[in-house]
Amino acid sequence: MKNAALLKDLADCASPETLLAAILKHYPQLTVPIDVEAIARSAGIAEFRDLDVDGATSTLMADIAKTQGIISVAAGFSAPRRRFAIAHQLGHFLLKAQRGDRQCTSRDLAENRRDTPHRKEEMQANRFAAGLLMPKPLFASFVADLGKPAIAHLPTLAAAYRVTLEAAVSRYADLTQTTCAFAFIKDGTVRLTRPSRSFPALSVRSGDPAPAAVGSTAPKEETAWFPADVRDWLSIARDVRQPRLAFQTSRKANGFQLVMLYVDAAAERRADEEAEKLANERPRFGR
Ligand SMILES: [Zn+2]
């Protein structure tokens, strides 16, 4: 059922963030997992269909003025992927500057670059989808309640919000206050990296072989933090003190592995202060 008051507010919004703020204002009592179909219906989506178009994983059909839309999703999608695809197409539908007829691929649904107009639109739809399925205030307090960072929190978050592990990891990296990064590895090759804002520049890119150390941990050792070799992961200038890096990893039977890298920012600050103090205490010559 369309919600006229919500639609009026949404009409004034031009970015994923303003759209999300308007939706949260109208649904202050949201609980997880978010009922994405109910929200989509209240915003003008009339119907959800199964998709049989080759090459596309989800589509949006809307009238020119985008007053009404139909979202279709590949019939074989898991519930978490289906929910993300619906939220993504709702983003295309509500972002005023974007066309209302879309055929999106799996690549589009993972896009986070903005270097072409097409990629930028896909990235905006993904930002909207992540923010709708994992609203910042709910997600942040959920993460805080989980306690000290641990790789085991990621599948917990994915299950609670009914999103894919990739979606939960990306949102976590975007919102966390901690200094961490994630790498998805498949059969020994890095597929995807997701650093948090404060994480130092990664030297590992998608397509690179995974550092050997992550392959040598036993599958059951998920809860332990191992020291990571900074040279395996970071591009750090030679004259800079290297941070102490730790990692956890979890492995699945299908050759898939997730790695979480972590820097204890408070400990690094203390070490920096200590190094500075030592430098100042050193006797100075030539005076
Ligand atoms: Zn799209």
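Student: Leaving aside neighbours within four places in sequence, which residues is Leu90 in contact with?

Tutor: This is a predicted model. In it, Leu90 contacts Ile39, Ala40, Ala43, Ile45, Ile71, Phe128 and Leu132, once neighbours within four places in sequence are left aside.

Student: Which core has Leu90 among the residues with the most contacts inside it?

Tutor: The general idea comes before the case. In soluble globular proteins, nonpolar side chains tend to be buried together. Here the largest nonpolar core has 57 residues, and Leu90, Leu94, Leu132, Tyr172 and Phe182 are those with the most contacts inside it. Residues of this core come from both domain 1 (4-136) and domain 2 (177-282), so the core lies between them. There is also a second, separate core of 18 residues, with Val204, Ala228, Val230 and Trp233 among them.

Student: How far apart are the C-alpha centres of domain 1 and domain 2?

Tutor: The two C-alpha centres are 34 Å apart. The bounds, 4-136 for domain 1 and 177-282 for domain 2, are those of the domain assignment.

Student: Is Ile45 buried or exposed?

Tutor: The cut-off for buried is under 20% relative accessible area. Ile45 has 3% relative accessibility, so it counts as buried. This residue is in strand S1, residues 45-51. Not counting residues up to four places away in sequence, Ile45 touches Ala40, Leu60, Gly69, Ile71, Leu90 and Phe93. The C-alpha atoms of Ile45 and Met1 are 8.9 Å apart, although the two residues are separated by 44 residues in sequence.

Student: Which strands does S2 join through bridges?

Tutor: Again, the general idea first. Strands of a sheet pair through backbone hydrogen bonds, either parallel or antiparallel. In this model, strand S2 (residues 58-62) runs antiparallel to strand S3 (residues 69-74), with five bridges between them. Ser58 is opposite Val73 in S3. Strand S2 is also joined to strand S4 (residues 102-104) by three bridges, and that pair is antiparallel too. There, Thr59 is opposite Gln103 in S4.

Student: How many residues lie between the strands in the hairpin of S2 and S3?

Tutor: Six residues lie between the strands, and in this hairpin Lys66 takes a positive phi near 55 degrees.

Student: What is the strand order in the open sheet of five strands?

Tutor: The order is S6-S5-S9-S8-S7, and the pairing is antiparallel. To find the edges, look for strands that pair on one side only: these are S6 (189-195) and S7 (226-228). On average, neighbouring strands of the sheet are turned by 30 degrees against each other, direction ignored.

Student: Now a residue in a loop. Where is Glu111, in the sense of the elements on either side?

Tutor: Glu111 is in the loop between S4 and helix H5 (117-133).

Student: Is Glu111 buried or exposed?

Tutor: Glu111 has a relative accessible area of 7%, so it is buried. Its side chain makes a polar contact of 2.7 Å with the side chain of Arg113. Leaving aside neighbours within four places in sequence, Glu111 is also in contact with Arg119, Glu122, Met123 and Asn126.

Conventions. Residues numbered from 1 in each chain as written. Predicted model: local features only at pLDDT ≥ 70, side-chain atom pairs only at ≥ 80, totals over all residues. Heavy atoms only, no water. Core = buried A, V, L, I, M, F, W, Y, C linked by side-chain atoms within 4.5 Å. Buried < 20%, exposed > 50% of the residue type's maximum accessible area, 1.4 Å probe, protein only. Domains from an automatic or database assignment. Contact = heavy atoms within 4.5 Å. Pairing = 2+ DSSP bridges. Helix = DSSP H or I, 4+ residues; strand = E, 2+ residues; numbered from the N terminus. Axes fitted to C-alpha atoms, helices over the stretch in contact; angles between N-to-C directions. Polar contact = N/O pair within 3.5 Å; in protein donor to acceptor, adjacent residues only side chain to side chain.
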